Amino acid sequence: MKLSVSGRATATAVVAAATLLATGSIAGAAPAPEPVAIAAAPDIPVTAVKAHLTQLQSIATANGGNRAHGRTGYRASLDYVKAKLDAAGFTTTIQQFTASGRVGYNLIADWPGGDTNQVVMAGSHLDSVSSGAGINDNGTGSAAVLEAALTVARTGYQPTKHLRFAWWGAEELGLVGSRYYVNSLSSANRARISGYLNFDMIGSPNPGYFVYDDDPAIEKTFKDYFAGIGVATEIETEGDGRSDHAPFKSAGVPVGGLFTGASRAKTAAQVTKWGGTAGQAFDRCYHSSCDTTANVNDTALNRNADALAHAVWTLSQ
């Protein structure tokens, strides 16, 4: 932010006065208290997120072209994510359930430390539809959550609150995995979750920048991040209540999240804000066989992965 000349002079005077107080140079003045340092979230390299997407694509290709609930591609996807987390020092738990006559799985990963009476969760659904590999829907959310978790481990981050990450099964069948998880919690354990952040489709090829408006504090955290990088946002309405935040919200947990759009068409006004193509769906390959690694906008994925990390770091301190 640029200051006017008079503004700069005022700011300089304020800084000088603060420095004198801090050093005790003004007679009788007590030293100012040390400011509390807020740890900034590290950058999440989009190349690392895309490397996970490449692995998910390879898994789908080797397993009938999809990673759907009850199929071998889903379990292979879960095993890939779990192996990365186990190697990084997370405590992982596989939760099993049944839906549509097939066994499904959730993966929960806890980072050791932090106040377990204040849990910040970030999650995404790991399953695809049966018609395709599901790389934008929802490999992008799953890969970004995974890389954020691995960054927590790599940086040795020790937040005040407890961090938990989750990958849900059978979302495409009606939020089955996340609902099973929420219903399995005692009322006391639900109350310990101070916030759940959901990431479902964050790299759409004709992207918008949509923020959930469920919890004001979480919403502001995301909006502040995007404002800081000069990207306009809109309230998310297309998928409202249609992803894994919904069971948490119904249980009284504060929720928020990000989304880059699915089958709705981008308007001319949105093109003015974000670029892209008016009249075209945010994701023309939504729930289709063309939802592959070629169906991802790197800029949107990068911005949303960094926004994810910003929210995890900010809300867990």
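User: How is a disulfide defined here, and which cysteines does a disulfide join?

Analyst: A disulfide is taken to be a pair of cysteine sulfur atoms within 2.5 Å. In general terms, a disulfide is a covalent bond between the sulfur atoms of two cysteines. In this predicted model, local features need pLDDT of at least 70 and side-chain atom pairs count only at pLDDT 80 or more, whereas totals for chains, interfaces and linings use all residues. Residues are numbered from 1 along each chain as its sequence is written, and side-chain values use heavy atoms, with hydrogens and water left out. Here Cys-285 is joined to Cys-290, with an S to S distance of 2.0 Å, and a search of the whole structure finds one disulfide.

User: What is the handedness of that disulfide, and is Cys-285 buried or exposed?

Analyst: The torsion about the S-S bond of Cys-285 and Cys-290 is about -115°, so the disulfide is left-handed. Burial is read from relative accessible area (buried under 20%, exposed over 50%, partly exposed in between, with a 1.4 Å probe and protein chains only). Cys-285 counts as buried at 12%, while Cys-290, at 35%, is partly exposed.

User: How should I read the packing of helix α2 and helix α4, and at what angle do their axes cross?

Analyst: Helices are DSSP runs (H or I, at least four residues), numbered from the N terminus. Axes are lines fitted to C-alpha atoms, for helices over the stretch in contact, and angles run from 0 to 180 degrees between N-to-C directions. Angles under 35 degrees count as roughly parallel, over 145 as roughly antiparallel, 65 to 115 as roughly perpendicular and the rest as oblique. The axes of α2 (residues 46-62) and α4 (residues 135-155) come within 8 Å and cross at roughly 130°, and the two helices are therefore oblique to each other. Contact, meaning heavy atoms within 4.5 Å, involves residues including Leu-53 and Leu-56 of α2 and Ala-143 and Leu-150 of α4. The residues of this contact divide into nine nonpolar, four polar and one charged.

User: How does α2 pack with helix α10, and which residues of α2 meet α10?

Analyst: The axes of α2 and α10 (residues 298-316) lie 9 Å apart at an angle of about 110°, and these helices are therefore roughly perpendicular to each other. From α2, Val-46, Val-49, Lys-50 and Leu-53 meet Asp-298, Leu-301, Asn-302 and Ala-305 of α10.

User: How many residues of α4 are buried, and which residue follows α4?

Analyst: In α4, 19 of the 21 residues are buried, so this helix is largely enclosed by the rest of the structure. Gly-156 follows α4 and has a positive phi, near 65°.

Notes
Nonpolar A, V, L, I, M, F, W, Y, C, P; charged D, E, K, R; others polar.
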